[in-house]
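Here is a short walk through one structure.

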Amino acid sequence: MSTVRPRRSVLYMPGANARALDKARSLPADGLILDLEDAVAVDAKELARNQIAEALKTGGYGFREVIVRTNGLETPWGIDDIKALAPLGPDAILLPKVEDPATILKAEALLNEVGAPASTTIWAMMETPLGILRAAEIAASSKRLTCFVMGTSDLTKDLHSRHTPMRLPMLTSLGITMLAARAYGLSILDGVYLDLKDEEGYRASCLQGVELGFDGKTLIHPGQVEGANVVFAPSEGEIAWSRKIIDAFAAAEAEGKGVVLVEGKLIENLHVENAKRICALADAIAARG
Ligand SMILES: CC(C)(COP(=O)(O)OP(=O)(O)OC[C@H]1O[C@@H](n2cnc3c(N)ncnc32)[C@H](O)[C@@H]1OP(=O)(O)O)[C@@H](O)C(=O)NCCC(=O)NCCSC(=O)C[C@H](O)C(=O)O
Ligand SMILES: [Mg+2]
């Protein structure tokens, strides 16, 4: 099981936007990405870093995971971003445009060097053709790497493809990265939906994300949080079915059987494993209140 930590809704906000950093303390998002990279203009990089440092020191984000997206390590800011912010103990440092295992290992060495707590993990943006082709090597590179985040805007640009309703041009990249994440026990989050006015399209993209296996979706506006929280949570029906087959299988096992029929459907251990994952996720969401 890769994770039972709910990551249904993970909201980006520009580190230069003090109002957003504050407002995030009251939003029902499972995670917050405090961004230093593409949402922050060059002239505002230092301001954004200082404001994120203040936000981390002040805290108050409660159950929400707090992730800092740094600039790339090869840019003039990336290494200083890590040096300044990793010691303050965010839940994760998110590296943009990761294309090789060496980048993860370099970030890991930096985290150790600056004394970041062991609880600060590394997340990687998967958003370039080379990064996708090396997804498995990257996923295997470090135990400190715990999550992939799809960067579908950068990918669409680099592939010269288009944003389409069912995302056919994106499916190869999503699939390859999904395989790598699951093979190495990482969480994986879907990319952002850019059209804030298109509620129907947004919901369809969340549903597609669930079907593809994503743990949740990255978001750009508070108005998207609730939709993702609903669609990426197990439904009442799924929870009830999961509890039912767990109980039925346990009873069958007690009689020395390895399979059981529930409502005419064959249930084996693999279904029970999945049912336990669903129940653990549902319990973790319920504990959030
Ligand atoms: C898109 C926005 C610029 C819109 O901002 P705004 O015009 O302020 O929206 P609203 O007036 O509707 O805002 C209402 C209130 O909500 C707050 N707000 C808005 N957005 C956020 C947010 N992201 N986080 C927290 N709070 C937010 C406003 O302050 C208003 O609050 P109040 O004053 O109380 O009314 C804006 O939403 C925005 O900047 N979004 C994030 C954009 C971003 O971070 N982009 C980069 C990440 S996406 C990416 O890079 C993907 C990847 O790399 C790839 O390649 O795919
Ligand atoms: Mg990007």
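Which residues of H9 are buried? They are Tyr202, Ser205, Cys206 and Gly209. Buried means that 20 or more other C-beta atoms, placed from the backbone, lie within 10 Å of the residue's own; exposed means 12 or fewer, and partly exposed lies in between. Down the axis of H9, these buried residues fall within an arc of 100°, so they line one face of the helix. The arc is taken over the directions from the helix axis to the C-beta atoms. An α-helix has 3.6 residues a turn, so residues three or four places apart point the same way.

This is a predicted model: local features need pLDDT of at least 70, side-chain atom pairs count only at pLDDT 80 or more, and totals for chains, interfaces and linings use all residues. Residues are numbered from 1 along each chain as its sequence is written, while chains are lettered from A and ligands numbered from 1 in the order in which they are written.

Stay with H9. Helices (H or I, at least four residues) and strands (E, at least two) are DSSP runs, numbered from the N terminus. On the other side of H9, Glu200 and Glu211 are exposed. The cover over its buried residues includes strand E7 (187–190), strand E8 (216–219) and helix H10 (225–231); contact here means C-beta atoms, placed from the backbone, within 7 Å. Gly213 follows H9, with a positive phi near 110°.

Now turn to ligand 1. It is surrounded by 22 residues, the closest being Tyr12, Ala20, Gly151, Ser153 and Asp154; a residue counts if its C-beta atom, placed from the backbone, lies within 6 Å. Strand E1 (9–14), helix H1 (18–23) and helix H7 (152–159) each give two or more residues to this shell. E1 gives the most, with four residues.

How values were computed
Two residues are in contact if their C-beta atoms, placed from the backbone, lie within 7 Å.
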